[in-house]
Amino acid sequence: GVITIDAAGRVESFNPIAAQLLGWSHAEAQGLSLTEIFPIIDETTRERVEDPVQSCLRLGRTTAFGSHVVLLRRDGKELVIDHSATPIHDRDGRVVGAVMTFRDVTAQHRLAQQLTYQATHDALTGLVNRQEFERRLGLMLKHAKEQHLQHVLCYLDLDQFKVVNDTCGHSAGDELLRQLSALLKTRMRERDTLARLGGDEFAVLLET
């Protein structure tokens, strides 16, 4: 999408792609403040993000923003976007407006999140996997040393789990692991970590 804004931050025009992404028609949006049709928030904090054009107009140069910004469409839907704004100068070099371009990267962002999740979680139980557990353990050890705190590490090993697999089959064993994981998670606090290390081995990090 492409939006043209005047020096006061009001919308002058935008292309059909911008209209589609924003949910506004050109006639409705023309003359409105950009913040009215282009409300954006930080993906993590959910706090409002500064109008990108204001930064561009203030600095007098192109400003670019990454893909951790969420656009709140007029219909309430949310799009993850990346965007940039470039100033428009007159013949005397004065900034008289700006052009902002933005694109919907929601699909790519969700794919990246999915890949990250798969890399850090066990496919069977959905728990943190060994690699991610070891990373968190390292951070907790560092935190304990720096802050002079004590945390708790628990190691869990299921007795005679092999019997379940041998007598009932691996599908039954997998279902047992899923149900046990779900049960254990109900006993955990939000800040604690429950991980499947592999096979029938689990571990718990209890943060003080």
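**Exercise 1. Work out how S7 and strand S9 (residues 201–206) pair, then build up the sheet around them.**

Start with the pair itself: S7 and S9 run antiparallel, joined over 6 bridges. (Strands are DSSP E runs of at least two residues and helices H or I runs of at least four, numbered from the N terminus; two strands pair if DSSP finds at least two bridges between them.) This is a predicted model, where local features need pLDDT of at least 70, side-chain atom pairs count only at pLDDT 80 or more, and totals for chains, interfaces and linings use all residues. Residue numbers start from 1 along each chain as its sequence is written, and side-chain values use heavy atoms, with hydrogens and water left out.

Next, pick a facing couple: Asp 157 sits opposite Glu 201 of S9.

Now widen the view. The open, antiparallel sheet has 3 strands in the order S7-S9-S8. Its edges are S7 (152–157) and S8 (193–198), each pairing on one side only.

**Exercise 2. Find the aromatic pair and classify it.**

Count first: there's 1 aromatic pair (Phe, Tyr or Trp rings, six-membered for Trp, with centres within 6.5 Å; planes under 30 degrees apart are stacked, over 60 edge-to-face, the rest tilted).

Then classify: the Phe 38 and Phe 102 ring centres are 5.2 Å apart with planes at 70 degrees, so call it edge-to-face.

Phe 38 is in the loop between helix H3 (34–37) and strand S3 (40–42), and Phe 102 is in strand S6 (residues 95–104), so the pair ties together parts 64 residues apart in sequence.
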